[in-house]
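Subject: Structure handover

Hello,

Here is the structure I said I would pass on. Please look it over first; my notes follow below.

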Amino acid sequence: MSTVQTNENSHLESIYFAGGCLWGVQEFIKYLPGVVTTEAGRANGTNNNTQGEYDGYAECVKVTFDITAVTLYKLIEYFFEIIDPYSVNKQGNDVGLKYRSAIYSKQQCHLTIANDYINQRADADKIVVQVQLLTNYVPSDAEHQDRLTNFPDDYCHIPPELLHKYKSK
């Protein structure tokens, strides 16, 4: 007799958002409806650790979300609330290639949804947010995880009234 195994986490998926300094991106996203976990990290660099010289990565946040509680389309909509989608390699005072805005995923269907979201916008021709396959991900060091939760007075490029817009009181 065979038993069918079900994956209790089959309703969870991950997407990677890069939108300037990861501290603020993580602090904003962690309170969104349907988000299960967040992790600060580096996307699409060449190193497999955080040591050494800059390797082309983008600061990002790995977002694990419950597809029964929030759509990816809605998460992307939330993400666009905290970025300037017309800015190349810059968000707020954060300037440089590692601060580029991007949406990364290991799943092509996620990239299709992201491209569809951008293309349906009236300003699609001005948007410079990259949508790319995730080729490498490295978690950030411990001091960068939940940084603004642990040190709320640290710098953040996201305005305070927006940063905690979805945080329950």
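The UniProt annotation "domain: Peptide methionine sulphoxide reductase MsrA", from an unreviewed entry, covers residues 15-157; UniProt positions are given in the numbering used here, feature names are shortened, and annotations may be inferred rather than shown by experiment. The end C-alpha atoms of that span lie 22 Å apart, and the span is 24% helix and 27% strand. Helices (H or I, at least four residues) and strands (E, at least two) are DSSP runs, numbered from the N terminus.

This is a predicted model, in which local features need pLDDT of at least 70, side-chain atom pairs count only at pLDDT 80 or more, and totals for chains, interfaces and linings use all residues. Residues are numbered from 1 along each chain as its sequence is written, and side-chain values use heavy atoms, with hydrogens and water left out.

The sheet

Six strands form an open sheet with mixed pairing, in the order β7-β6-β1-β3-β2-β8; two strands pair if DSSP finds at least two bridges between them. β7 (130-133) and β8 (137-139) are at the edges with a single partner strand each, so one side of each has no neighbour in the sheet. On average, neighbouring strands are turned by 35° against each other, direction ignored.

Strand β2 (residues 35-43) pairs with β8 in the antiparallel sense over three bridges, with A43 opposite Y137 in β8. β2 and β3 also run antiparallel, joined by eight bridges, and here A40 stands opposite V61 in β3.

The helices

Contact below means heavy atoms within 4.5 Å. Axes are lines fitted to C-alpha atoms, for helices over the stretch in contact, and angles run from 0 to 180 degrees between N-to-C directions.

The axes of helix α2 (residues 72-81) and helix α3 (residues 108-120) come within 10 Å and cross at roughly 55°. The two are therefore oblique to each other (under 35 degrees counts as roughly parallel, over 145 as roughly antiparallel, 65 to 115 as roughly perpendicular and the rest as oblique). In α2, L72, Y73, I76, E77 and F80 meet α3 residues H110, I113, A114, Y117, I118 and Q120.

Regards
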